[in-house]
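Have the structure open while you read.

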Amino acid sequence: MNTEREKKQLEKLLAERRPRPIHYMGIAMLLLTIVYIVDEITSNMNSSMQPYALFELFNITSRDVNSPEYANAINVVAPLSVISNLFLIITPFYKALSDKYGRRLFLMINTVGMGLGMCIVMTAQNVALYIIGMLFMMFFTPNDMQVLYIMETAPKEKRATYGFIAKGVALVSVSLIGILSKIFLNESDPASWRMVYLIPVIGALVIGSLSYFVMRETPVFVDQRTKWLSMTQKEREEKIRKDKESGAGEEGGVFKAIKFIFKTPQLRWILIAGFIFFATTFYTSYYSTVLKGAMDTDMVATALVVYPFFNGLITILSGFFSDKIGRKKVCLILGSTAMLGLLAFVMACRMGLGPVAAGIAYGCSIGGLWSMSDTLILTMPAESTPSGMRSSVMGTISVLIGAGMFIGQFAFIILQNFVAMDVLFLAIGVPFMVISLIILLTKVKETKDADLENITADTYK
């Protein structure tokens, strides 16, 4: 028997089936792109401001990233950041709730949560509060509800194109961090880095609140949830029985998702390839330290303005090519771009080629890195999972894959006391990238033409 709560939800979902205005898709993409901008700025803000925050919080008067004091600060903050990532184990439980209660509410919560995280970091007067703020930001940024929104709203033949265009625009907008740095950062004022956060904080809180009133539920969620709520108790029991046999379920759930991932060869190999690949992402947390060691504050700010444009360019191109040549082939191109860009970044800093060259190289590198990681964490799992399990699987697999970064982070934390940071970028990063690509190309099946509404547990067998 349906509960009163379920009846009310069914009524609301049936109302969502009314025809959508012609201009809705344009408005939705505009707002989702702005949410993406908030997400990317949140993801990049702490790593960009890291040297300046540590200079103040640890009272490093020399303001030298090569000093023993700075290395000690990294030894304190980096392990705490890594350990705090264990808290992210609850994120799939959080994200799975959107399979039951809808995408719109969690789009709002996610965006506002990122704003609160930045606000805590901005006002932190000690390392403990700084870590708490970082934890808030790290908790909300991986959920990527705007990505799920785009995938469940856009035409299937344009999913990657729409998604990567939105992300490309968002990544270019990360140059705002560099612009705000040029405006607010002042070598004579150790606390000036805090003002760089102010506008992004306000933007996140405002756009997050606005999204709840502008967006409607995704068509895929409405159809999937309506079917479930319309079933009789007997029909649900029969559906649950069949789902147990396949490992899928209409209402998702973390433990169901874990079982489904490991039971399904397609998702299992995506998880393995992604886990290994994520060990390479550690260098995105410390690039500004390498920049600061090679150039002055104004030059670093210039590099921060330059790199997002090339990051965005690679990302937008990857979306077009992903829909044209497939997810696997585009990952080969993206992985190669990440490796070559990383090498060029290290060389640009070591040879004193300036902020523009360093910015271009770093932008190309992370453009390839994050576009490939998005394909492994978001696109391919979503295109390999039934609708009722999709958000749960995406949330769960993102945490399982994200755990791979512990390998790279721990190796870096130990070795940075003995080996130069930029050398570690190459020594740790490149081998893991190569191994991940080999697994992806040989074990995972192509997903670009997947019909999201008709995927079953047997689709990729």
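**Notes on the model**

1. Start with L129, which sits in helix 7. A caveat before going on: this is a predicted model. L129 comes out as partly exposed, because its relative accessible area is 36%, and that lies between the 20% and 50% cut-offs.

2. L129 also belongs to a nonpolar patch on the surface, together with L116, I132, F136 and L205.

3. On to charges. The whole structure has 6 salt bridges, and I'll go through some of them. E56 pairs with R194, with 3.2 Å between the closest N and O atoms. E56 is in helix 2 (residues 24–57), while R194 is in the loop between helix 10 (175–184) and helix 11, so this bridge ties together parts 138 residues apart in sequence. As for cover, E56 is partly exposed at 24% relative accessible area, whereas R194 is buried at 9%.

4. Next is R103 with E152, where the closest N and O atoms are 2.9 Å apart. Here helix 6 (residues 103–123) provides R103 and helix 8 (residues 145–153) provides E152, so parts 49 residues apart in sequence are tied together. Buried or exposed, these two, R103 and E152? R103 is buried, with a relative accessible area of 0%, and E152 is buried too, at 3%.

5. R327 and E383 form another salt bridge, with the closest N and O atoms 2.5 Å apart. R327 is in helix 18 (residues 327–350) and E383 is in the loop between helix 19 (355–382) and helix 20 (390–402), so the pair links distant parts of the chain, 56 residues apart. R327 counts as buried at 0% relative accessibility, and E383 is buried at 0% as well. Have a look at D323 while you're there: D323, R327 and E383 are linked in a network of salt bridges.

6. Last one: R216. Where does R216 lie? R216 is in the loop between helix 11 (198–214) and helix 12 (219–230). R216 is buried, with a relative accessible area of 9%. Setting aside neighbours within four places in sequence, R216 is in contact with A15, E16, R18, P19, R20, P21, Y24 and Y149.

How values were computed. Residues are numbered from 1 along each chain as its sequence is written. This is a predicted model: local features need pLDDT of at least 70, side-chain atom pairs count only at pLDDT 80 or more; totals for chains, interfaces and linings use all residues. Side-chain values use heavy atoms; hydrogens and water are left out. Helices (H or I, at least four residues) and strands (E, at least two) are DSSP runs, numbered from the N terminus. Buried means under 20% relative accessible area, exposed over 50%, partly exposed in between (1.4 Å probe, protein chains only). Contact means heavy atoms within 4.5 Å. Patches are made of residues with over 30% relative accessible area and no salt bridge: like charges are joined within 9 Å, nonpolar side chains (Val, Leu, Ile, Met, Phe, Trp, Tyr) within 5 Å. Accessible areas come from the Shrake-Rupley method with a 1.4 Å probe; for residues, only the protein chains shown count as cover. A salt bridge is a side-chain nitrogen of Lys or Arg within 4 Å of a carboxyl oxygen of Asp or Glu.
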